[in-house]
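Hi everyone, thanks for making time. I'd like to walk you through a few spots in this one, so let's get it up on the screen.

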Amino acid sequence: MGRLFGTDGVRGTFGEDLTTDLAFVLGRASVTVLRRYEHGQLSLVVGRDTRGSGEALESALVAGALDGGADVMLAGVEPTPAIAYLTTHAKAGAGVVISASHNPPEDNGIKFFGPFGYKLSDDLEDEIEAELGSDVREGGASAGRILPLPDGERTYVEHLTQAAFARLDGMKVVIDCANGAASHVAPEVLRALGAEVYPIFDQPDGTNINVGCGALHPEVVANAVKAAGADVGIAHDGDADRALFADADGTVIDGDQVLAASAVAMKHDGTLVGNTVVTTVMANLGFRRAMEDAGIEMVATKVGDRYVLEEMLSRGAVLGGEQSGHIIFAEQATTGDGLLTAVRFLTLARSEGATVAELARTMQKFPQVLVNVPVARKEELDSATELQDAVRTAEVELAGSGMVLVRASGTEQLVRVMVEAETEAAARHHADVLAEHVRAALT
């Protein structure tokens, strides 16, 4: 059996990989471990997204936490970054989010934040996993209590609106809420800033989160922007820790473009500490060249916003993110926050008298092709000799004019093949060839 915790907590299909029994023991084990590092009574802020399995998992996890002696503050349905923020605001010992982010409705997950709103370290996760088999409540702790979390959402909305560079009066915005955790709060935030907001996919029913909508399908909001004659569109994922955009012409704007525009603007106003931005190996070559032209140091990590954050903290950087739309503004957030990203990007455009399309042109995108290949044995990726030979061959052919990245997904049974080149045809050719090698080697 492999490690229970993946790159973003524990995740799996509800009732199979992720059960209420597991949620109960995770709740109790996490309390047992975290109490070792917390002085006084431990409290948890618990939130969830809109999946039908969320309430059952929440009830089980809370029961385990209470049994372990912790107090619990229930936030209800809120974005993942809201729970990270409210954990620190409420001075809680930890935050817990029940969500599978961008995964399909049948999946769910459990992820933890520490007292300062940061995701738990691998070492702490390993301690929790090691504790799962224990039936003994440490220290004979008495059962915990359910406590109120007054004005949680209002506090989060105020936090977001305070990050704005300008008001958005008169801006017509379409928001694809992915039928997820942002369905109520995301429109509220932009309306508070004066925008004319048209939410779509904002009617969650427990079974429709991320289905044909949201950040995995940005073309949906792009088409809606054109149909509505709007100025901009925003697409969140199920737990709203990411945001992608579409301009008035229906052209999708990805995380690289948002990050590039934000980095250059922050350098100009003197807030880009160390003139450094942190991204991942998936960053577009156009992003790399734009940062070089702007005199900004770019540091690349492996894929995952937790790794971006770790590098940001080690360097004292204040800006980082991923092409997928996870952007971390470290002075306002401890994790990727799609709502904060939307506030910052839209109000940056307004403050500069620019459109989002003009901001996006901070960098020139090189064509990238991503192929997700379902596999049976993703753990054998590094030892698949013929596949690795094919990767090296593609790298040689694209040297200086593109990039190849073949990696196992940290959250799904997939291998992701990404190829970047100067033309779409070249990128597609290499991606298709490598995808066939993946299928041959690992399915």
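Helices (H or I, at least four residues) and strands (E, at least two) are DSSP runs, numbered from the N terminus. And please keep in mind that this is a predicted model: local features need pLDDT of at least 70, side-chain atom pairs count only at pLDDT 80 or more, and totals for chains, interfaces and linings use all residues. Residues are numbered from 1 along each chain as its sequence is written, and side-chain values use heavy atoms, with hydrogens and water left out.

Okay, let's begin with strand S9, residues 232–236. S9 and strand S10, residues 243–246, pair in the antiparallel sense, with 4 bridges. In S10, Phe245 is the bridge partner of Ile234. Between the two strands of this hairpin sit 6 residues, and Ala240 there takes a positive phi near 60°. S9 also pairs with strand S7, residues 172–176, this time in the parallel sense, again over 4 bridges. Over there, Ile175 stands opposite Ile234.

So is S9 buried or exposed? By buried I mean under 20% relative accessible area; exposed is over 50%, and partly exposed is in between, using a 1.4 Å probe and protein chains only. Well, 5 of the 5 residues of S9 are buried, so the strand is largely enclosed by the rest of the structure. In a regular strand, side chains alternate between the two faces of the sheet. Here both faces are covered: Val232, Ile234 and His236 are buried on one side, Gly233 and Ala235 on the other.

Next, a loop residue. Asn208 lies between strand S8 (196–200) and helix H7 (218–228). Asn208 has 16% relative accessibility, so it counts as buried. What is Asn208 in contact with, leaving aside its neighbours within four places in sequence? Contact means heavy atoms within 4.5 Å, and the list is Pro105, Ala178, Asn179, Gln203 and Cys213.

Last stop: an open sheet of 3 strands, in the order S16-S18-S17, with antiparallel pairing. S16 (368–374) and S17 (403–408) each have a single partner strand, so one side of each is left without a neighbour in the sheet. S16 and S18, residues 414–420, pair over 7 bridges, and Val373 stands opposite Val415 in S18. Helix H14, residues 424–442, packs on this sheet and touches S16, S17 and S18.

Conventions
Pairing = 2+ DSSP bridges. Axes fitted to C-alpha atoms, helices over the stretch in contact; angles between N-to-C directions.
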